[in-house]
Amino acid sequence: MELENLMIDYDINANAIEDAILKLTPKNYYRGVDPSGGADFNVCAFRVFVGADRIEIYLKYGLEIRGLQVLVFSNHIPDYTMDQPFKN
């Protein structure tokens with residue numbers, strides 16, 4: 001649903017998201033895994049700019065606690081500015 005909304009509202013498609021995923025670096029890092037271990041998923045979020053209009057979006061991933069499968073479950077425009085600890 002989120003990707004469909006991006007495709008409708010902006011010049012973004014699945015290939016742009018895939019390209020952004022393949023080019024992620026530590027500089028794109030926003031925040032990471034909850035160290036408490038109490039969550040169903042360990043979540044990492046990254047900040048990237050995609051599409052012809054260079055729209056800022058989150059890419060969020062979850063690593064299953066009881067497995068090795070990485071799940072891409074979110075790609076949307078952020079509600080708030082994302083501070084990136086490794087950007088500077």
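Modeller: Confidence in the protein is highest in helix α2 (residues 14-22), with a mean of 86, and lowest in strand β4 (residues 70-76), with a mean of 70. The score is pLDDT, the predictor's confidence in each residue on a scale from 0 to 100. This is a predicted model, so local features need pLDDT of at least 70 and side-chain atom pairs count only at 80 or more, while totals for chains, interfaces and linings use all residues. Numbering starts from 1 along each chain as its sequence is written, and side-chain values use heavy atoms, without hydrogens or water. Over the protein the mean pLDDT is 77, with 72% of residues at 70 or more.

The protein has 2 helices and 4 strands (DSSP runs numbered from the N terminus: H or I of at least four residues, E of at least two). Their order from the N terminus is α-α-β-β-β-β. Of the 88 residues, 28% are buried (under 20% relative accessible area, 1.4 Å probe, protein chains only; over 50% is exposed, in between partly exposed).

Now the rings. There are 3 aromatic pairs (Phe, Tyr or the six-membered ring of Trp, centres within 6.5 Å; planes under 30 degrees apart are stacked, over 60 edge-to-face, the rest tilted). One of them joins tyrosine 30 and tyrosine 58, a tilted pair with 5.6 Å between centres and 50° between planes. Tyrosine 30 belongs to strand β1 (residues 29-31) and tyrosine 58 to strand β3 (residues 55-64), so this pair links parts of the chain 28 residues apart.

Phenylalanine 46 and tyrosine 61 make an edge-to-face pair, because their planes meet at 70°, with the centres 5.8 Å apart. This pair ties strand β2 (residues 41-50), which holds phenylalanine 46, to strand β3, which holds tyrosine 61, across 15 residues of sequence. Phenylalanine 46 is buried at a relative accessible area of 17%, and tyrosine 61 is buried at 10%. Ring pairs also join Phe46 and Tyr61 with Tyr29 in a cluster.
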